Amino acid sequence: MPRFNNFVPSSTVGQTALAFTRTWRHADASGQVLGRLATRIAIVLMGKHKPIYDPSNDCGDYVVVTNCKDVMVTGKKADQKLYRSHSGFPGGFKEVPYKVMMEKTPEEIIRKAVSGMLPKNRLRAKRLDRLKIFPGPEHPYEANIIKDHAEEFGRTFKQAAATEEAQAQAPAVEGNAP
């Protein structure tokens, strides 16, 4: 018999209110490939980039996507991709081509791509509510965005961290020079 049979390690170590604070991130979709951008957005909405990530907790950040009308797709997807929906009534099946969807509602293209990459559970709707998409460069959340993370959304986290380290060391080197 172990001596500490009723000892249960605390699972709340490091999970403070400060760790759960939501930051606002900006992603510029112009020139980005749709699938790669959507995966990066889904990771941030879920909170997987944070060390306190837990699949049952919603600890993700807000994401503001601008210039969604300039997002790219690879291969022949621009001509062949179809968005399908059904109303539930007989004859209620609809197919909308990618090009038509891009002209009418380009923000729905990114929303559907990100929605498909999020887990299908109760937290999905809450996470999608934190995704704000705009067809142009203007948006009303400019005051909420403290640091612009637009460059990070096209790269992996390791590449983004390496760039930040290089930028942090560059001013230190210049400051030490006589």
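**Close-up views of a predicted model**

View 1. The model is predicted: local features need pLDDT of at least 70 and side-chain atom pairs count only at pLDDT 80 or more, while totals for chains, interfaces and linings use all residues. Residues are numbered from 1 along each chain as its sequence is written, and side-chain values use heavy atoms, with hydrogens and water left out. Strands (E, at least two residues) and helices (H or I, at least four) are DSSP runs, numbered from the N terminus.

**View 2. The open sheet.** Three strands form an open sheet in the order β1-β2-β5, with parallel pairing; two strands pair if DSSP finds at least two bridges between them. β1 (24–28) and β5 are the edge strands, each pairing on one side only. From one strand to the next, the twist averages 20°. Five bridges join β1 to β2, and three join β2 to β5. W24 has Y62 of β2 as its bridge partner, and R25 stands opposite V63 in β2. V63 in turn has L131 of β5 as its bridge partner.

**View 3. Helix α1 on the sheet.** α1 packs on the sheet and touches β1, β2 and β5. Its direction makes about 155° with that of β2, where axes are lines fitted to C-alpha atoms, for helices over the stretch in contact, and angles run from 0 to 180 degrees between N-to-C directions. The 13 residues of α1 should span 18 Å at 1.5 Å a residue, and its end C-alpha atoms are 18 Å apart, which agrees; the expected span is 1.5 Å times one less than the number of residues. Just after α1, G47 takes a positive phi of about 90°.

**View 4. The largest nonpolar core.** The largest nonpolar core has 27 residues; such a core is a set of buried Ala, Val, Leu, Ile, Met, Phe, Trp, Tyr and Cys residues joined through side-chain atoms within 4.5 Å. Among those with the most contacts inside it are L34, I41 and I110. α1 gives the most to this core, with eight residues.

**View 5. Around L131.** Leaving aside neighbours within four places in sequence, L131 is in contact (heavy atoms within 4.5 Å) with I41, L45, V63, V65, R111 and V114. α4 lies across β2 and β5, running at about 155° to β5.

Methods
Buried means under 20% relative accessible area, exposed over 50%, partly exposed in between (1.4 Å probe, protein chains only).
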